[in-house]
Amino acid sequence: MTTTTKTDSLYKKEYFGRIFELKKYAPEAFETFFKFNDQALAEGKLSVKLKELIAVAVAHITGCPYCIDLHVGNAKKNDSSKEEVAEAIFVATALKAGSALAHGVNGLNAYDGNGDGEFYKASYFSRLPEFAKLDEESFKTFVKFDGTALKAGKLSVKEKELIAVASAHTTGCAYCIDLHTKNAKKEGATLEEISEAIFVAVALKAGSAIAHSVNALNAYDN
């Protein structure tokens, strides 16, 4: 059994090497997860390059340092420029912040005592512009940032909307899923491409839990 020296450092790149120890303790789960993960990131309707950029975005939402390190490296190996990686990160940033703002319509309902006990309705999203009256400067600057993050740059609008779809499934924001799935469709994304983007998000969200297991191994041994 691999053991580690007691340290105040909870995250080191070298710790990630312990992940293969899980195969000893839960072999079937280990094998089936990594088979799924490899399939989700493999070439399909979407290129490996775009899937790795989606993975980079999702990793920044889950906040897994091991996943960020791994998938930024993979994106680079698949010819992503630093500018493309940065754009993917800013889409993730916009979606993570945007989910908080989108959920703000539920906050307005809660404050006003509105609703019939159903927390999510598509119609609730129409309350979003009310924030422009409540905090005009913050609302306008966020909307400007969000629009900038999603407009064409080194990555196309279609590519960014697919990243946004994956990001929305990571944050779990129903309003964002609805909005960006429709936006991706408008940009010509097929349902197969959207599905592949979603499965990258699934793999990365689950993968962050697997990656953090190396910390559990360290904790158990110490």
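## Residue classes and the model

Ala, Val, Leu, Ile, Met, Phe, Trp, Tyr, Cys and Pro count here as nonpolar, Asp, Glu, Lys and Arg as charged, and the others, Gly among them, as polar. The model is a predicted one.

## Overall fold

The protein chain holds 11 helices and zero strands. The C-alpha trace of the protein chain spans about 60 × 40 × 30 Å along its principal axes.

## Annotated domain

An unreviewed UniProt entry places the feature "domain: Carboxymuconolactone decarboxylase-like" at residues 27-105 and 137-218. In the model, residues 27-105 are 84% helix and 0% strand. The end C-alpha atoms of that span are 45 Å apart. Residues 137-218 are 85% helix and 0% strand, with end C-alpha atoms 46 Å apart.

## The largest pocket

The largest pocket contains about 360 Å³ of space. It is lined by 19 residues, and the closest to its centre are F16, F34, N37, L70 and H71. The largest share comes from α2, which gives six residues.

Sorted by class, the lining of the largest pocket has 13 nonpolar, four polar and two charged residues.

## The second largest pocket

The volume of the second largest pocket is about 260 Å³. Of the 18 residues that line it, F125, L128, F142, D146 and L179 lie nearest its centre. Helices α5 (82-102), α8 (136-150) and α10 (174-186) each supply at least two lining residues. The most come from α5, with six residues.

How does the lining of the second largest pocket divide by class? There are 13 nonpolar, four polar and one charged residues.

## How α5 meets α8

Two of the helices that line the second largest pocket, α5 and α8, also touch each other. Their axes come within 9 Å and cross at roughly 145°. The crossing of α5 past α8 is left-handed.

Which residues make the contact? On the α5 side they are F90, V91, T93, A94, L95, A97, G98 and L101. On the α8 side they are F139, F142, F145, D146, A149 and L150. By class, this contact has 11 nonpolar, two polar and one charged residues. Asp counts as charged, so D146 is a charged residue in the contact. Both F142 and D146 of α8 take part in this contact, and both are among the residues that lie nearest the centre of the second largest pocket.

Technical notes. Residues numbered from 1 in each chain as written. Predicted model: local features only at pLDDT ≥ 70, side-chain atom pairs only at ≥ 80, totals over all residues. Heavy atoms only, no water. UniProt positions renumbered as here; feature names shortened; annotations may be inferred. Helix = DSSP H or I, 4+ residues; strand = E, 2+ residues; numbered from the N terminus. 1 Å grid on protein atoms, 1.4 Å probe; cavity = no way out; pocket = protein on both sides within 12 Å on 5 of 7 lines; lining within 4 Å. Points joined across faces, edges and corners; volume = space filled by probe spheres on them. Axes fitted to C-alpha atoms, helices over the stretch in contact; angles between N-to-C directions. Left-handed = near helix turned anticlockwise from the far one by under 90°. Contact = heavy atoms within 4.5 Å.
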